[in-house]
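This briefing is meant to be read with the sequence and the coordinates open side by side. Please keep the model in view while going through the points below.

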Amino acid sequence: MCNRYRQGKTRENLGRIFDARPLPDRPEPASELFPKRLALVVRMEGGGGVVDVMSWGFPPPPKSRAPVTNVRNLSSPFWRSALNRPDRRCLVPVTQFCEWGGEPGSKRERWFSLPASDVFAFAGIWRPAEETACFAFLTCEPNPLVAPIHAKAMPVILHPEDYDRWLDGDVQDACSLAQPFPSQLMAVA
């Protein structure tokens, strides 16, 4: 499951790319991201986009200890409240994401990117919290490029023309975007 990605742009860069206003007085997260770390997301506020800083991973459900970073079951009551509310959907800017490939004992990092896009976005959801809001992103069946390395799932990568559908669409239309991204538009190293 994707629990590591890179995002090598500043809030100001992302503001220009996603036509969003960077929120002031927020820390600048690291470019290498793991669960529980702060990361940049783009969400809607007051009719426009904002670049915000949130913690990666929803607090765990009962009987679990680790934060929940990936959303697989879109019909789960755990996610339904966030998915049903467009104001709780976000874009997670990414430059690369990592999956581990190979045989046990000799696995190595495999980094996926979109060669035609300097930055792309995962479909994410978020919720407020007392200290720092948190987010997770959707996953779907892997495409033919990802499947040999990670057969269970891949992040939901949105086409730029679908950003508004994800952020503003009704829940059925938004969730219909949870499809494997075309392999021919991706690269792996």
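What follows goes from the overall fold to the strands, the aromatic rings and a few individual residues.

The model is predicted, and every value below is computed from it. The protein chain comprises 4 helices and 14 strands, and 49% of its 189 residues count as buried.

**Overall shape and packing**

- For 189 residues a compact globule would have a radius of gyration near 16 Å, and the protein chain agrees with this because its own value is 16 Å.
- The C-alpha trace spans about 50 × 40 × 30 Å along its principal axes.
- Among the contacts in the protein chain with a separation of 6 or more, 65% come from residues 24 or more positions apart.
- The largest nonpolar core contains 56 residues, and Tyr5, Phe97, Phe135 and Trp166 are those with the most contacts inside it.

- An open sheet of 5 strands is arranged in the order 3-1-8-9-14, with antiparallel pairing; its edge strands, strand 3 (32–33) and strand 14 (187–188), each pair on one side only.
- Strand 1 pairs with strand 3 in the antiparallel sense over 2 bridges, and here arginine 6 stands opposite glutamate 32 in strand 3.
- Strand 1 also pairs with strand 8 in the antiparallel sense, again over 2 bridges, with phenylalanine 97 of strand 8 as the bridge partner of tyrosine 5.
- Strand 8 and strand 9 are antiparallel and pair over 5 bridges, an arrangement in which cysteine 98 stands opposite tryptophan 111 in strand 9.
- The hairpin of strand 8 and strand 9 has 6 residues between the strands, and in this hairpin glycine 102 takes a positive phi near 115°.

- Strand 7 (residues 89–94) is largely enclosed by the rest of the structure, because 6 of its 6 residues are buried.
- Both faces of strand 7 are covered, with Arg89, Leu91 and Pro93 buried on one side and Cys90, Val92 and Val94 buried on the other.
- Strand 4 (residues 38–45) runs antiparallel to strand 7 and is joined to it by 2 bridges, with arginine 43 standing opposite cysteine 90.
- Strand 7 and strand 10 pair in the antiparallel sense over 6 bridges, and valine 92 stands opposite phenylalanine 122 in strand 10.

**Aromatic pairs and the aromatic cluster**

- Tyrosine 5 and phenylalanine 122 form an edge-to-face aromatic pair, with 6.0 Å centre to centre and 65° between the planes.
- Tyrosine 5 lies in strand 1 (residues 5–6) and phenylalanine 122 in strand 10 (residues 120–127), so this pair ties together parts that are 117 residues apart in sequence; both tyrosine 5 and phenylalanine 122 are buried.
- The rings of phenylalanine 97 and phenylalanine 112 form a stacked pair, because their centres are 5.0 Å apart and their planes are at 15°, where planes under 30 degrees apart count as stacked.
- This pair links phenylalanine 97 in strand 8 (residues 96–101) with phenylalanine 112 in strand 9 (residues 108–113), 15 residues apart.
- Phenylalanine 97 is buried at a relative accessible area of 0%, and phenylalanine 112 likewise counts as buried at 0% relative accessibility.
- One aromatic cluster is formed by Tyr5, Trp56, Phe97, Phe112, Phe120, Phe122, Phe135 and Phe137.

**Arginines over tryptophan rings**

- Arginine 6 lies over the face of tryptophan 111, at 3.6 Å from the ring centre.
- Arginine 89 places its charged end over the ring of tryptophan 166, 5.5 Å from the centre of that ring.
- Beyond residues up to four places away in sequence, tryptophan 166 touches a set of residues including Arg89, Cys90, Leu91, Ala123, Gly124 and Ile125.

**Cysteine 2**

- Cysteine 2 is placed in the segment before strand 1 and is buried, with a relative accessible area of 0%.
- Leaving aside neighbours within four places in sequence, cysteine 2 is in contact with Trp56, Asn70, Phe97, Cys98, Glu99, Phe137 and Pro155.
- Cysteine 2 and methionine 154 are 6.9 Å apart in space, C-alpha to C-alpha, although 152 residues separate them in sequence.

Conventions. Residues are numbered from 1 along each chain as its sequence is written. This is a predicted model: local features need pLDDT of at least 70, side-chain atom pairs count only at pLDDT 80 or more; totals for chains, interfaces and linings use all residues. Side-chain values use heavy atoms; hydrogens and water are left out. Rings of Phe, Tyr and Trp (its six-membered ring) pair if their centres lie within 6.5 Å; planes under 30 degrees apart count as stacked, over 60 as edge-to-face and the rest as tilted. Buried means under 20% relative accessible area, exposed over 50%, partly exposed in between (1.4 Å probe, protein chains only). A charge sits over a ring if NZ of Lys or CZ of Arg is within 6 Å of the ring centre and within 35 degrees of the ring normal. A nonpolar core is a set of buried Ala, Val, Leu, Ile, Met, Phe, Trp, Tyr and Cys residues joined through side-chain atoms within 4.5 Å. Contact means heavy atoms within 4.5 Å. Two strands pair if DSSP finds at least two bridges between them. The radius of gyration is taken over C-alpha atoms; the globule rule is 2.2 Å times the number of residues to the power 0.38.
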